[in-house]
Amino acid sequence: QVRLAESGGGLVQAGGSLKLSCKGSGRALRSYGLGWLRQAPGKEREFVASTNWSGRLKYYSDSVRGRFTISRDDDKNTLYLQMDSLEPEDTAIYYCAAKDTFRDRVYENEFNIWGQGTQVTVSS
């Protein structure tokens with residue numbers, strides 16, 4: 001059905017910024033809850049941020065709140081993650097994910113459509 005493709009990852013120094021994009025194809029994302037999750041080597045996948053179908057509601061993990069901003073542009077069928085004040089602990093593969101629902105919030109284990117991931121590396 002809908003397919004997701006992340007881009008924008010790379011190498012950045014601590015304190016720097018990076019903006020990730022997740023472009024949907026094959027279907028409009030307007031009815032989907034969308035989110036970002038990440039996985040560092042040897043660690044479990046963890047929730048980063050999510051937004052509901054309308055973009056009005058947004059949720060962040062405690063570790064990124066105040067530094068990361070999730071947004072969506074449905075005219076471009078794209079989800080974004082603006083990452084500021086990056087820390088070495090943010091180093092991970094970042095995945096975007098989707099769930100076709102009008103519910104207010106989609107939790108990590110509920111997302112059922114995933115992108116291929118993009119690597120973010122923060123050097124100290």
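## A buried cysteine

Let's start with Cys96: its relative accessibility is 0%, so it counts as buried. Bear in mind that we're looking at a predicted model here.

Its partner is Cys22, and the two are joined by a disulfide with an S to S distance of 2.0 Å. Cys22 is buried as well, at a relative accessible area of 2%.

## The disulfide

How many disulfides are there? The count comes to one. The link between Cys22 and Cys96 is right-handed, with 60 degrees about the S-S bond. Cys22 sits in strand β3 (residues 18-25) and Cys96 in strand β9 (residues 92-100), so the bond ties together parts that are 74 residues apart in sequence.

## The largest nonpolar core

Now for the packing. The largest nonpolar core has 28 residues, and those touching the most other members are Leu20, Trp36, Val48, Phe68, Leu81, Met83 and Tyr94.

Which strands supply at least two residues each to this core? They are β3, β4 (32-39), β5 (46-51), β7 (68-73), β8 (78-83), β9 and β11 (118-123). Strand β9 gives the largest share, with four residues.

Conventions. Residues are numbered from 1 along each chain as its sequence is written. This is a predicted model: local features need pLDDT of at least 70, side-chain atom pairs count only at pLDDT 80 or more; totals for chains, interfaces and linings use all residues. Side-chain values use heavy atoms; hydrogens and water are left out. A disulfide is a pair of cysteine sulfur atoms within 2.5 Å. Buried means under 20% relative accessible area, exposed over 50%, partly exposed in between (1.4 Å probe, protein chains only). A nonpolar core is a set of buried Ala, Val, Leu, Ile, Met, Phe, Trp, Tyr and Cys residues joined through side-chain atoms within 4.5 Å.
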